[in-house]
Amino acid sequence: MAEHSNPADAAAPDDADPFHPHQLLLGLPDLAAQCLVAHLAASGSRALTELMGLCREARALVAEHAPKATWTLGREHNQLSRAALHAMAGRSTGDAELTLRAQGTTSSTELVQLLKEAGDSGGWGAVRKLRLEGLENCQLAGAAFSVLVGTACPHMSHLTLAGGWTRFCLRGVVEPTLFTSLSACPSLTHLTLSNMELSRAAAQQVHLLPTHAPGIRSLTANHSSSAPLVAALAPQLTALDCRGAHSPECLAALAACHRLLSVTLDFDRSWEWLRVLVQLPRLQHVTIHVPYEEHRGQHPQPQTQVPSLSGRQPCSWDTLTIKGWMAVWDLPVLPLHGVRKLQLQGLALRPQDTAGTLPGDARAAVDRAVSALLPLAQRGAIEWTGGPGPVDLRVSGLDQWAGAVAAMQRLAPWIPPVCITVMSGEERMAVPGAQIQQLLNSMTELSVECIFFLCHSCGPGFWDVLQQSAVHVRVLWFWRPFDLDAGELALWLAAHPHHTRLKCTSPCDRAAAALKQAQQRLAQQGGLSRVE
């Protein structure tokens with residue numbers, strides 16, 4: 001029986017239209033074609049698929065120059081054909097990134113087949129970064145595909161294995177056959193295990209990993225059972241991301257990483273992690289992630305005994321990066337005197353524990369935090385990195401904290417504009433004029449970019465205080481306000497001497513109706529609305 005050929009696979013005839021898109025493409029110089037394919041691959045659009053549909057030569061061009069590709073296992077149609085995937089990944093040279101994404105119950109068999117095909121053909125020579133996703137769908141074939149990973153990508157430098165990405169998903173499982181397969185990858189330097197856990201057999205044999213992969217210098221492992229993996233690689237690691245791991249076993253493994261130059265951890269108020277970090281002799285870059293519950297301020301972790309660092313050699317870290325909002329109580333504990341550059345997302349002005357905080361204690365806490373920051377600020381060593389404004393202060397209620405913000409004014413000459421985020425508790429609050437007056441009086445020397453109210457509305461005197469205040473707030477932002485007074489709001493919009501922008505996001509029905517009425521009144525007076 002005669003085969004039915006694909007018209008797109010046929011070579012172009014000699015009298016082909018020279019102005020047809022694929023003929024113009026094939027006529028491009030090598031560098032120009034490479035740049036075009038790289039751009040289309042990075043854009044994530046269907047243009048690359050459409051380009052490959054033009055002709056066989058166009059598909060070959062994509063396979064020759066595409067810098068990265070994603071192949072979804074278990075899907076009938078992918079951007080690249082299976083042959084084009086092998087052609088792209090199997091180039092003799094290159095710096096390609098390849099993602100294989102498992103999806104559905106048939107993924108295991110297809111993954112094994114694909115990796116076996118790659119290994120049988122000598123390996124995907126162009127792949128430097130391999131990422132295997134959705135491995136929670138491949139648990140039954142864990143050993144079968146793991147033994148093929150190394151021979152499939154013998155020149156890779158980065159390997160990522162990823163399981164389910166939510167807390168409700170099953171995790172992927174690492175089998176010991178993965179360790180032996182990595183003997184085929186002498187250039188492997190980075191290993192990432194995301195939502196993966198070691199099988200019982202892998203945990204027993206993980207000590208063999210350094211023998212098979214002696215070049216690994218960077219490890220990312222975010223599972224609480226990753227302590228054996230960290231311990232096995234500790235003598236050779238220079239970079240470690242071990243978020244979510246604060247068990248005694250993990251901390252003991254961390255303490256053995258004497259060559260470590262950079263580390264990323266989750267914040268924990270037991271402070272044991274800090275006792276370990278200050279003793280690592282080569283450590284230069286530290287990143288700490290503050291959990292959401294901490295900077296939200298509703299359920300702070302219990303404070304244990306703060307570590308005493310006296311008598312130890314001061315650290316000499318190049319950078320300390322805080323991701324999230326660190327509480328003002330905790331900031332002075334950090335060894336900031338030994339830090340050359342501090343990257344700080346923001347500060348959380350919140351109670352130290354569930355007992356609450358008196359206004360005087362709140363002011364003292366902010367003052368101690370400012371005193372710790374002041375030497376760094378004076379030499380330009382603080383970089384503020386987050387929030388709706390450059391400097392984001394998260395305030396857990398104004399009763400105790402409105403006046404405490406005043407201590408921040410000691411930093412005024414050295415910090416950019418400030419955003420105040422007023423957090424809400426379990427109940428929605430109406431902010432009275434007296435509280436907003438106290439807050440504004442605490443910021444007379446600061447440049448105020450934004451005051452952001454979460455689930456608050458305006459109490460008596462709120463708009464009058466704003467109208468009379470000398471503090472210029474560029475943006476007043478309410479998220480889910482439950483009530484507003486249309487008359488007071490219209491007067492403020494018409495009379496406020498500064499051109500403050502008012503933003504309301506997801507207002508309740510009563511607040512939305514009041515906003516509409518205020519803008520209508522302003523329009524009748526010929527005023528320009530500044531409500532977004």
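Predicted model: local features only at pLDDT ≥ 70, side-chain atom pairs only at ≥ 80, totals over all residues.

Two helix pairs get a closer look here: H5 with H6, and H20 with H21. Last up are serine 199, valine 290 and alanine 69, each of which is buried.

**Helices H5 and H6**

- Helix H5 covers residues 82–89 and helix H6 covers residues 107–120; the two pack at an angle of about 45°, and their axes are 11 Å apart.
- An angle between 35 and 65 degrees counts as oblique, so H5 and H6 are oblique to each other.
- The crossing of H5 past H6 is right-handed.
- On the H5 side, the residues that meet H6 are Arg82, Leu85 and His86. Their partners in H6 are Glu110, Gln113, Leu114, Glu117 and Ala118.
- Sorted by class, this contact of H5 with H6 has three nonpolar, two polar and three charged residues.

**Helices H20 and H21**

- H20 goes past H21 in a right-handed crossing.
- H20 brings Ala486, Gly487, Leu489, Ala490, Leu493 and Ala494 to the contact. H21 answers with Ala514, Leu515, Gln517, Ala518, Arg521 and Leu522.
- By class, the contact of H20 with H21 has nine nonpolar, two polar and one charged residues.

- A disulfide is a covalent bond between the sulfur atoms of two cysteines.
- Take cysteine 455, which is in no disulfide: the nearest cysteine sulfur belongs to cysteine 508 and is 7.9 Å away.
- Cysteine 455 has a relative accessibility of 15%, so it counts as buried.
- What about cysteine 504? The closest cysteine sulfur to that of cysteine 504 is in cysteine 458, and at 8.1 Å it is too far for a bond. The cut-off for a disulfide is a sulfur pair within 2.5 Å.
- Cysteine 504 counts as buried because its relative accessibility is 13%.

**Buried spots in loops**

- Serine 199 sits in the loop that runs between strand E7 (196–198) and helix H10 (200–205).
- Is serine 199 buried or exposed? With a relative accessible area of 11%, serine 199 is buried.
- If you set aside neighbours within four places in sequence, serine 199 is in contact with Val173, Val174, Glu175 and Pro176.
- Valine 290 is in the loop between strand E11 (285–289) and helix H15 (292–296).
- The relative accessible area of valine 290 is 9%, so valine 290 is buried.
- Valine 290 and lysine 323 are 33 residues apart in sequence, yet 6.0 Å apart in space, C-alpha to C-alpha.

**A buried spot in a strand**

- Where does alanine 69 lie? You'll find alanine 69 in strand E1, which covers residues 68–73.
- Alanine 69 has a relative accessible area of 7%, so this residue is buried.
- Between alanine 69 and threonine 99 there are 6.3 Å in space, C-alpha to C-alpha, although they are 30 residues apart in sequence.

Note on methods:
Residues numbered from 1 in each chain as written. Heavy atoms only, no water. Axes fitted to C-alpha atoms, helices over the stretch in contact; angles between N-to-C directions. Helix = DSSP H or I, 4+ residues; strand = E, 2+ residues; numbered from the N terminus. Parallel < 35°, antiparallel > 145°, perpendicular 65-115°, else oblique. Left-handed = near helix turned anticlockwise from the far one by under 90°. Contact = heavy atoms within 4.5 Å. Nonpolar A, V, L, I, M, F, W, Y, C, P; charged D, E, K, R; others polar. Buried < 20%, exposed > 50% of the residue type's maximum accessible area, 1.4 Å probe, protein only.
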